[in-house]
There are 2 protein chains.
Amino acid sequence: MSGGEVRLFMPQVTIAQNILAPNETIATEIQNTLATLQIRTLNIMSSPGAGKTTLLERSIQRLRGKLNLGVIEGDIETSADAERIEATGAQTVQINTRGACHLEAHMVLDALNKLDLTRLDLMIIENIGNLVCPAAWKLGEDLRVVVMSVAEGDDKPAKYPQMFATSEVLVLNKLDLLPYVDYDLDKVKRQVLAINPHLHIFELSCRTGAGLDAWCEWLLEFARGK
Amino acid sequence: MSGGEVRLFMPQVTIAQNILAPNETIATEIQNTLATLQIRTLNIMSSPGAGKTTLLERSIQRLRGKLNLGVIEGDIETSADAERIEATGAQTVQINTRGACHLEAHMVLDALNKLDLTRLDLMIIENIGNLVCPAAWKLGEDLRVVVMSVAEGDDKPAKYPQMFATSEVLVLNKLDLLPYVDYDLDKVKRQVLAINPHLHIFELSCRTGAGLDAWCEWLLEFARGK
């Protein structure tokens, strides 16, 4: 402190154990098991309130009769999202992390034991609403989808690059709000593609339905590409 | 798995060390030091994109000449927010967490060494955009402020109760978007007050300026209440 005499101590905290290694082992086992069962799997991530659950509701409604979908709902405390998804008729399992800010592979493994996997084509894992930590934890998914609302501001890719670097698909949601927010859509697309040139981008609004057809068509192709 | 033969292993992961204890020791030292210097301190938290930085910009502009403000800007990778705050003329220090999802007290302590504390009335710490982890880490603040955008959906207090339970102030931001989103403002206020009956709530829009006067008046009173 340039004020002078005030000087506090600085601790040295070192976390030596690689806590990600056992997670990756389980994630690989999950991925192999689901591949054997010909189930394709998505890990959907976003900030709180970007619209993951609503996107799932709308998608399941549109894909009814075309796909057998299973959903693993990650949530810190409540079962509110799982109840919303269950109401669509999809097989649903709730994971409550009791305070933890991301899902881990062992939680997904536990949830898989509660689903009838013989009847599924596509498994969707809805992660905890958090743009940071979930990016570090593999869950056995084939692909990662990051959902971003245009109401979050157009600086998020630059500020949370890891999430965009490790995802294959970006869903830009709440496009109906574009006229009411300061959001440079072209800048965002340029930035995410600079971070990850292979990112597949969907632009849609769950509220109006715009863009949902293309997204659901892609989901169907993805699930059938087994 | 009710499918039958597929059964993977379940790991036992136990983190025995209480990693929060050394943090609280440093946080208490920071709080005592700042109290001695008659500097009041806020820790501002939210989801990514709720509008923390814009709220700070608008507040500093309105409080110019009335308060000497210092800002500690937490960010994972960039210095974009610190540059925005620096442009307002406030003393600003950037903390880059290099991937970490929350600020810790030792980072704040390091940042304090880069500020001229003899000239400050109010210190504002802008935490990482994350509605989960920052709630667990004390930084030496006198009060905690959680900012929530109405575009995030009205189910967030129930889903992230810890953040609302440990904050003293809630800023409901982006109220100009209310006509365009499905958001039950009364339900949110009922829910947050059920979690935390003492929560002081401000409703405002940084975009239109509505509600900013009351918030800045409160900031001024808070800073002067030393």
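Predicted model: local features only at pLDDT ≥ 70, side-chain atom pairs only at ≥ 80, totals over all residues.
**Aromatic pairs and the nonpolar core**

Over all chains, the structure holds 9 aromatic pairs. One of them is formed by Tyr180(A) and Tyr180(B), whose rings are stacked at 3.5 Å centre to centre with 5° between the planes. Tyr180(A) sits in the loop between β6 and α7 of chain A, and Tyr180(B) in the loop between β6 and α7 of chain B, so this pair joins two chains.

Another pair is that of Trp218(B) and Phe222(B): the ring centres are 5.4 Å apart and the planes meet at 5°, so the pair is stacked. Helix α8 of chain B, residues 212–224, holds both residues, which are 4 residues apart, about one turn of the helix. Trp218(B) and Phe222(B) are both buried. In chain A, ring pairs link Phe202(A), Trp215(A), Trp218(A) and Phe222(A) into a cluster.

In soluble globular proteins, nonpolar side chains tend to be buried together. Here the largest nonpolar core has 49 residues, and those touching the most other members include Phe164(A), Tyr183(A), Phe164(B) and Tyr183(B). Elements that each supply at least two residues of this core include β5 (143–149) and α7 (185–195) of chain A, together with β5 (143–149) and α7 (185–195) of chain B. Leaving aside residues up to four places away in sequence, Tyr183(B) touches several residues, among them Met148(B), Leu172(B), Leu178(B) and Val188(B).

Definitions and conventions:
Residues numbered from 1 in each chain as written. Chains lettered and ligands numbered in written order. Heavy atoms only, no water. Core = buried A, V, L, I, M, F, W, Y, C linked by side-chain atoms within 4.5 Å. Buried < 20%, exposed > 50% of the residue type's maximum accessible area, 1.4 Å probe, protein only. Contact = heavy atoms within 4.5 Å. Phe/Tyr/Trp six-rings, centres within 6.5 Å; stacked < 30°, edge-to-face > 60°.
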